[in-house]
Amino acid sequence: MPRSIEIVPSVLPADFSRLGEECIALEKAGVDRIQWDVMDGVFVPNLTFGPDVIAACRPHVDVTFEAHLMVANPDELLHTYVEAGCQMIIVHVETTPHLHRTLGAIRELGCRPAAALNPATPLNAVEHVLDLLDMVLVMTVNPGFGGQAYIQSMEPKVRALRQMITTSGHDVDIEVDGGISSSTISGASAAGANVLVSGSALYKYEQGLKFGVQSLRQLALEAQVD
Ligand code: DX5
């Protein structure tokens with residue numbers, strides 16, 4: 001049974017002077033959740049949203065918020081992003097020396113835990129915590145900026161992760177993030193990713209966000225294998 005396809009916008013390309021309205025537009029466009037790319041300028045060379053920005057947008061929509069914590073010290077920030085209104089928190093394995101404990105802490109906060117892997121990080125970093133995870137994010141760019149080129153060599157990594165999860169018997173989604181567009185989403189979906197983050201490509205659709213979400217979803221569905 002194929003897993004449900006979820007189309008998740010990154011708000012990096014959105015108009016930061018109107019983020020509440022941008023979230024409303026994304027919800028109306030039919031996105032399955034919204035990803036907040038939280039960057040601290042230390043783990044990645046860029047600085048973005050604090051929890052107050054997310055909290056300000058929370059009341060405007062009902063759609064799930066996920067916080068992608070591209071930060072050096074996620075353990076100290078978990079509760080603040082849960083309090084801001086995020087239902088999922090994605091931590092990078094490269095920043096969590098006690099990942100098993102961190103994932104448990106996210107769950108204890110009533111939030112869904114996910115782990116992200118940078119392109120060079122091997123899958124075995126999550127092999128022994130699949131029972132604690134709702135999702136694994138395989139980065140298809142080096143984190144820090146939107147609009148980068150998709151790293152196609154991550155597809156075998158996604159395929160191997162899907163196999164690892166299937167063998168484990170655990171119910172874990174695979175998300176990809178970075179360079180996801182009409183020309184790359186099929187490869188990522190065929191490899192086994194079912195949660196697809198798109199920022200710049202989604203916002204570039206001349207026909208608008210709703211058309212873009214529907215088009216990307218259709219491409220991912222058509223490419224999915226059992
Ligand atoms: C990388 C960011 C981007 C963003 C999506 O740190 O996480 O991957 O979400 O960017 P696009 O879709 O523009 O590549």
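Let's start in helix H4 (residues 99–108), where histidine 100 has its place. Helices here are DSSP runs of H or I with at least four residues, strands are runs of E with at least two, and both are numbered from the N terminus. This is a predicted model, in which local features need pLDDT of at least 70 and side-chain atom pairs count only at pLDDT 80 or more, while totals for chains, interfaces and linings use all residues. Residues are numbered from 1 along each chain as its sequence is written, and side-chain values use heavy atoms, with hydrogens and water left out.

Leaving aside neighbours within four places in sequence, histidine 100 is in contact (heavy atoms within 4.5 Å) with Val129 and Leu132. Aspartate 15 is 85 residues from histidine 100 along the chain, and their C-alpha atoms are separated by 36 Å. Glycine 104 also has its place in helix H4. Glycine 104 counts as partly exposed because its relative accessible area is 21%; buried means under 20%, exposed over 50%, and partly exposed in between, with a 1.4 Å probe and protein chains only.

Strand S4 (residues 88–92) holds histidine 92. With a relative accessible area of 0%, histidine 92 is buried. Its side chain makes polar contacts with the side chains of histidine 68, at 2.8 Å, and glutamate 94, at 2.9 Å. A polar contact is a pair of N or O atoms within 3.5 Å; within protein, one must be able to donate a hydrogen and the other to accept it, and residues adjacent in sequence count only if both atoms are side-chain atoms. Not counting residues up to four places away in sequence, histidine 92 touches Phe43, His68, Leu69, Met70, Ala116, Asn118, Met139 and Pro143.

Glutamate 94 has a further polar contact, side chain to side chain, with threonine 121 at 2.5 Å. Threonine 121 sits in the loop between strand S5 (112–117) and strand S6 (135–139), and it counts as buried because its relative accessibility is 15%. Beyond its neighbours within four places in sequence, threonine 121 is in contact with Val93, Glu94 and Lys157.

## Nonpolar cores

A nonpolar core is a set of buried Ala, Val, Leu, Ile, Met, Phe, Trp, Tyr and Cys residues joined through side-chain atoms within 4.5 Å. The largest one has 67 residues, of which Trp36, Phe65, Val126 and Leu196 touch the most other members. Valine 126 touches Val93, Ala115, Leu117, Leu133, Val136 and Leu161, again not counting residues up to four places away in sequence.

## Around the ligand

Now for the ligand, which has 17 residues around it; Asp37, Gly144, Asp177, Gly199 and Ser200 come nearest. A residue is near a molecule if one of its heavy atoms lies within 4 Å of it. Strand S2 (residues 33–39) gives the most to this shell, with three residues. By type, the shell divides into five nonpolar, ten polar and two charged residues. In this scheme Ala, Val, Leu, Ile, Met, Phe, Trp, Tyr, Cys and Pro count as nonpolar, Asp, Glu, Lys and Arg as charged, and the others, Gly among them, as polar.

Polar backbone atoms of glycine 179 and glycine 199 each lie 2.8 Å from an oxygen atom of the ligand. A polar side-chain atom of serine 10 is 3.4 Å from a ligand oxygen atom. Taken alone, the ligand exposes 370 Å², and the protein buries 99% of that; these accessible areas come from the Shrake-Rupley method with a 1.4 Å probe, and for residues only the protein chains shown count as cover.
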